[in-house]
Amino acid sequence: MIICMAVASIVFIIFVFLFITASDNMVDAILVCLMETEKEANKELQSEIDLLIKKIKQQEDFDNKENIKKGKRLKKKLEESQKRYKKLENRKIGILDIIPITGYRLIQLLGWDATNETVKKLNRKCVQFKEKKEAVNYTYYLLGALFGYLILGICLCFLGLGLSLAMGLEERSFIVAFAILVVFGIMGYVPYDNVNTIIHKRAEEIENQFPQVVSKMALLTVAGMEVNQAWKLACSNDKGILYSEMRRVLIDLDNNVSPVEAYSKFITRCNNNYTTKLGTAIIQNVSKGNAEIVKLFRTLNDESWLEHKHNARRKGEAIQSKLLIPTLLMFLGIIILVIVPVMSGFGF
């Protein structure tokens with residue numbers, strides 16, 4: 001018990017030391033990261049509201065109760081998000097939000113900069129769904145949270161173990177200590193691991209939406225429409241990650257970002273072979289001119305739909321393989337139900 005309390009005290013002192021020696025720049029970095037995340041949430045919610053209003057106006061269905069409820073939900077979420085953003089602007093953060101500060105400080109002491117392999121790998125993933133500067137801040141925030149929660153978890157783990165032993169819980173003390181460590185480990189690891197989930201979801205959704213997008217682009221350009229106008233119409237009314245990324249290109253262009261830079265960001269964020277071909281073709285069309293772009297759109301359309309069919313077939317095969325074991329178990333159960341009465345009837 002004494003050893004556990006001593007270890008807990010040492011780890012707590014380390015935690016406090018890291019927190020106290022952290023500079024104001026680290027606190028500012030966390031605030032910036034949280035504000036950027038909240039700002040992005042505001043944009044997404046506002047975009048959903050705008051699309052819903054546009055849909056209601058087009059359908060002229062102003063009395064639809066489902067749309068009204070959805071609009072109220074989105075508005076409530078937006079207001080809550082705006083309130084959180086204002087609190088962050090006033091430098092008001094929650095207790096849990098300051099835990100990553102210790103992780104920031106530890107990362108600094110370890111010398112983990114942009115050249116570190118772990119930082120580079122995580123940053124490459126974050127760049128796909130955040131701007132370049134935001135991705136850097138978010139990368140360090142995730143690593144800081146992971147280390148911060150781990151240190152605090154170790155401290156509380158030994159503290160819980162010591163107190164449990166003092167209360168006479170004996171073997172159950174280790175279960176309590178392990179549970180505390182697991183809880184804090186999960187709190188730090190879930191946001192870190194969530195990046196992989198976001199990337200996988202984005203990749204899958206972009207892959208599914210691309211054939212529809214390129215079909216629209218091919219159809220509109222064949223009809224004689226300019227590429228920029230076709231791009232705008234192709235993403236105007238639909239909802240999804242690929243459509244959102246296309247609208248971000250339009251926002252960048254409206255903010256006087258060069259077309260080459262805007263479409264290059266689109267290529268980086270989507271990180272898909274077909275979107276890369278599409279973005280590259282448009283960049284060439286803007287900078288050098290490309291008379292074959294309509295033909296390229298048609299080729300991309302054929303290739304993407306063919307790949308879409310192959311993916312659907314592969315997913316079907318994967319589902320069938322997952323259902324094989326339950327099917328075999330059901331078959332075994334039926335055999336048992338048939339054989340047992342028969343064997344009983346023969347007196348076995």
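Which residue forms a salt bridge with Glu245, the closest N and O atoms being 2.3 Å apart? Keep that in mind as you load the model, which is a predicted one.

**Stop 1: Glu245 and its partners**

Select Glu245 and Arg269. Arg269 is the partner in question: its salt bridge with Glu245 has a closest N to O distance of 2.3 Å. Glu245 lies in helix α9 and Arg269 in helix α10 (residues 259-270), so the pair ties together parts that are 24 residues apart in sequence. Color both by accessibility. Glu245 is buried, with a relative accessible area of 3%. Arg269 is buried as well, at 2% relative accessibility.

Arg248 is partly exposed, at a relative accessible area of 21%, whereas Glu245 is buried.

**Stop 2: along helix α10**

Stay on helix α10 and pick Lys265 and Glu261. Their side chains meet in a salt bridge, 3.8 Å from N to O. What separates Lys265 and Glu261 in helix α10? About one helical turn, because the two are four residues apart. Lys265 is partly exposed, with a relative accessible area of 25%. Glu261 is partly exposed too, at 40% relative accessibility.

Now show Arg202 together with Glu245, Arg248 and Arg269. Salt bridges that share partners join these four residues into one network. The structure holds six salt bridges in total. Side chains of opposite charge can pair when their charged atoms come close.

**Stop 3: two loop asparagines**

Move to Asn256, in the loop between α9 and α10. Check its backbone. Phi is near 65° at Asn256, a positive value in a residue other than glycine. Is Asn256 buried or exposed? Asn256 is exposed, with a relative accessible area of 73%.

Next, select Asn271, in the loop between α10 and α11 (273-287). Phi of Asn271 is also positive, near 50°, and this residue is likewise not a glycine.

**Stop 4: where α2 meets α6**

Show helix α2 (residues 24-59) and helix α6 (residues 132-166). Their axes come within 9 Å and cross at roughly 115°. The α2 and α6 crossing is left-handed. Turn on side chains at the contact. From α2, select Ile30, Val32, Cys33, Leu34, Glu36, Thr37 and Glu40.

**Stop 5: Leu122**

Select Leu122 in helix α5 (residues 117-126). Leu122 is buried, with a relative accessible area of 5%; it counts as buried because that value is under 20%. Which residues does Leu122 touch, not counting those up to four places away in sequence? They are Thr139, Leu142, Leu143, Tyr192 and Val195. Now draw a distance from Leu122 to Tyr192. Their C-alpha atoms are separated by 8.8 Å, though the two residues are 70 apart along the chain.

**Stop 6: Arg105**

Go to Arg105, in helix α4 (residues 99-110). This arginine counts as buried, at 16% relative accessibility. Display what surrounds it. Leaving aside neighbours within four places in sequence, Arg105 is in contact with Leu18, Thr21, Ala22 and Met26.

**Stop 7: Leu220**

Jump to Leu220 in helix α7 (residues 171-222). Leu220 counts as partly exposed, at 21% relative accessibility. Then select Trp231. From C-alpha to C-alpha, Leu220 and Trp231 are 9.0 Å apart in space, and they are eleven residues apart in sequence.

**Stop 8: a nonpolar patch**

Finish with the surface turned on. Select Phe331, Ile334, Ile335, Val338 and Ile339. Together they make a nonpolar surface patch of about 460 Å². Which helix holds Ile334? Ile334 lies in helix α12 (residues 293-345).

Key. Residues are numbered from 1 along each chain as its sequence is written. This is a predicted model: local features need pLDDT of at least 70, side-chain atom pairs count only at pLDDT 80 or more; totals for chains, interfaces and linings use all residues. Side-chain values use heavy atoms; hydrogens and water are left out. Buried means under 20% relative accessible area, exposed over 50%, partly exposed in between (1.4 Å probe, protein chains only). Contact means heavy atoms within 4.5 Å. Patches are made of residues with over 30% relative accessible area and no salt bridge: like charges are joined within 9 Å, nonpolar side chains (Val, Leu, Ile, Met, Phe, Trp, Tyr) within 5 Å. Accessible areas come from the Shrake-Rupley method with a 1.4 Å probe; for residues, only the protein chains shown count as cover. Axes are lines fitted to C-alpha atoms, for helices over the stretch in contact, and angles run from 0 to 180 degrees between N-to-C directions. A crossing is left-handed if the near helix is turned anticlockwise from the far one by less than a right angle, and right-handed if clockwise.
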